[in-house]
Amino acid sequence: MTPVKPRLPATAADPDSTTDASRRKWLAGTARAVAGAGLLSLVDPLVRAGAWAAGSDAPEQAEVKIGFIPLTDCASVVMASVLGIDKKYGVTITPSKEASWAAVRDKLLNGELAMAHVLYGLIYGVQMGIGGPRKDMAVLMNLNQNGQAITLSSKLSQAGARDGESLARLMASEKREYTFAQTFPTGTHAMWLYYWLAAYGIDPMKDAKVITVPPPQMVANMRVGNMDGFCVGEPWGARAILDKIGFTAVTTQAIWTDHPEKVLGTSADFVARNPNTARAVTAAILEAGKWIDASPENRRKTAETIAAKSYVNTDASGIVDRMLGQYDDGLGKRWSDAHPMRFSGDGAANFPYLSDGMWFLTQHKRWGLLKEHPDYLATARQVNRIDVYKQAAQAAGIAVPAGEMRSSKLVDGVVWDGSNPAAYADAFKVKA
């Protein structure tokens with residue numbers, strides 16, 4: 001089905017100021033305009049008739065509280081709520097701004113949050129009993145691919161470090177303690193940081209000190225000299241450049257093109273108790289991601305929306321460029337990235353591939369977070385709820401790939417396809 005790109009009338013024009021009041025007025029106009037433009041009629045007639053939101057298929061919970069961290073990639077959760085897409089599936093999504101990934105984890109475990117925009121590796125860490133108490137968890141969908149970055153301090157660029165190779169030379173010649181920050185010990189940013197450093201012969205466990213810092217606090221901590229570099233989601237990489245305290249050494253899509261990133265995560269028992277709710281929320285967020293990706297204009301409007309104080313709380317100018325794939329590394333290089341953050345890719349960005357989940361387990365084993373090899377495939381089949389995803393994708397009119405695995409070549413030239421995870425994890429030269 002070819003998506004129709006709605007032409008938004010004047011009521012949905014960008015707000016003429018950055019006040020919360022103007023944003024609220026604009027968002028209300030945007031939601032009305034999108035509905036009027038026919039976007040919400042792009043799904044199967046049975047869905048429009050309420051077949052997935054009535055009778056035995058009705059969501060068990062009318063209101064669903066979904067935690068998020070102030071990052072660009074919370075966008076599809078926010079827009080599903082702002083545009084009213086959630087209502088079509090019989091639920092009301094209530095986004096809940098959280099302070100840290102540890103807080104998200106704890107609230108998922110105690111039931112204060114029904115679901116969350118959450119790090120892929122955090123969900124797997126809880127499943128395995130590392131990085132928090134063990135609990136059976138569920139990944140309902142991948143929220144986005146790409147769009148994170150490793151930022152190094154301006155002081156390192158002045159000392160000659162501008163990429164992985166020159167950083168390795170500097171660290172070998174200048175013997176001091178180097179500190180790098182990630183956002184959660186088992187999370188995506190820790191794994192991207194470790195993988196990139198190790199690709200250049202830097203052992204993150206022996207050659208550096210690694211600390212955990214919540215995403216919104218990264219820039220402030222670098223400003224006062226608490227770290228030499230960090231890996232985090234946008235807009236905080238771009239913010240470091242705007243504040244002239246750091247530069248982008250590498251984007252995560254350059255480490256792994258179209259890598260998995262945040263997921264819609266919840267507990268396994270929530271899905272068992274509320275299967276219809278899980279399906280309805282997943283479908284709504286799938287459709288929101290499709291809307292975001294449909295046009296540059298939709299991406300700009302999304303950037304303006306999530307910039308508000310209640311969401312990311314930063315200037316939209318710090319979000320929109322990288323959301324559109326326009327990059328500036330802070331050292332004079334500018335480019336249009338072929339693989340920017342994406343929220344749908346006609347479904348390619350959202351499918352919870354088993355190999356994606358297994359990859360995080362291989363890295364947890366590589367870095368000593370897991371002491372023994374788990375049953376990689378069985379764990380991924382348990383956590384990644386492909387059954388729920390397929391039902392939601394059908395409801396939202398999203399294509400589903402033919403296979404449950406995929407193959408990728410990472411920055412070090414090593415191919416990952418999920419075929420032999422134990423051998424893959426053991427083969428790295430730099431590991432714990």
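Residues are numbered from 1 along each chain as its sequence is written. Because the model is predicted, local features need pLDDT of at least 70 and side-chain atom pairs count only at pLDDT 80 or more, whereas totals for chains, interfaces and linings use all residues; side-chain values use heavy atoms, with hydrogens and water left out.

**Stop 1: helix H9**

Select residues 188–199, which make up helix H9; helices here are DSSP runs of H or I with at least four residues, strands are runs of E with at least two, and both are numbered from the N terminus. The 12 residues of H9 should span 16 Å at 1.5 Å a residue, and its end C-alpha atoms are 16 Å apart, which agrees; the expected span is 1.5 Å times one less than the number of residues. Among the buried residues are Trp192, Tyr195 and Trp196. Just after H9, Gly201 takes a positive phi of about 85 degrees.

**Stop 2: aromatic rings**

Rings of Phe, Tyr and Trp (its six-membered ring) pair if their centres lie within 6.5 Å, and planes under 30 degrees apart count as stacked, over 60 as edge-to-face and the rest as tilted. Trp196 counts as buried at 2% relative accessibility, whereas Tyr200, at 34%, counts as partly exposed. A search of the whole structure finds 17 aromatic pairs. Next, select the cluster that ring pairs link together, which consists of Tyr120, Tyr124, Trp192, Tyr195, Trp256, Trp359, Phe360, Trp416, Tyr424 and Phe428. From Tyr195, turn to Arg366, whose charged end sits over the ring of Tyr195, 5.2 Å from its centre; a charge sits over a ring if NZ of Lys or CZ of Arg is within 6 Å of the ring centre and within 35 degrees of the ring normal.

**Stop 3: the nonpolar core**

Select Met115, Leu167, Ile285 and Trp359, the residues with the most contacts inside the largest nonpolar core, which has 129 residues. Helix H14 (residues 275–293) gives the most to this core, with 10 residues. Such a core is a set of buried Ala, Val, Leu, Ile, Met, Phe, Trp, Tyr and Cys residues joined through side-chain atoms within 4.5 Å.

**Stop 4: His117**

Select His117 in strand S3 (residues 115–119); His117 is buried, with a relative accessible area of 0%. Its side chain makes a polar contact with the side chain of Asp73 at 2.7 Å, a polar contact being a pair of N or O atoms within 3.5 Å in which, within protein, one must be able to donate a hydrogen and the other to accept it, and residues adjacent in sequence count only if both atoms are side-chain atoms.

**Stop 5: loops**

Select Pro235, in the loop between strand S8 (229–233) and helix H11 (236–242), where the peptide bond from Glu234 to Pro235 is cis, with omega near 15 degrees. Then select Asp258, which has a positive phi of about 60 degrees although it is not a glycine, and which is buried with a relative accessible area of 16%. Finish at Asp346, whose phi is near 55 degrees, a positive value in a residue other than glycine; Asp346 is exposed, with a relative accessible area of 54%.

Conventions. Buried means under 20% relative accessible area, exposed over 50%, partly exposed in between (1.4 Å probe, protein chains only).
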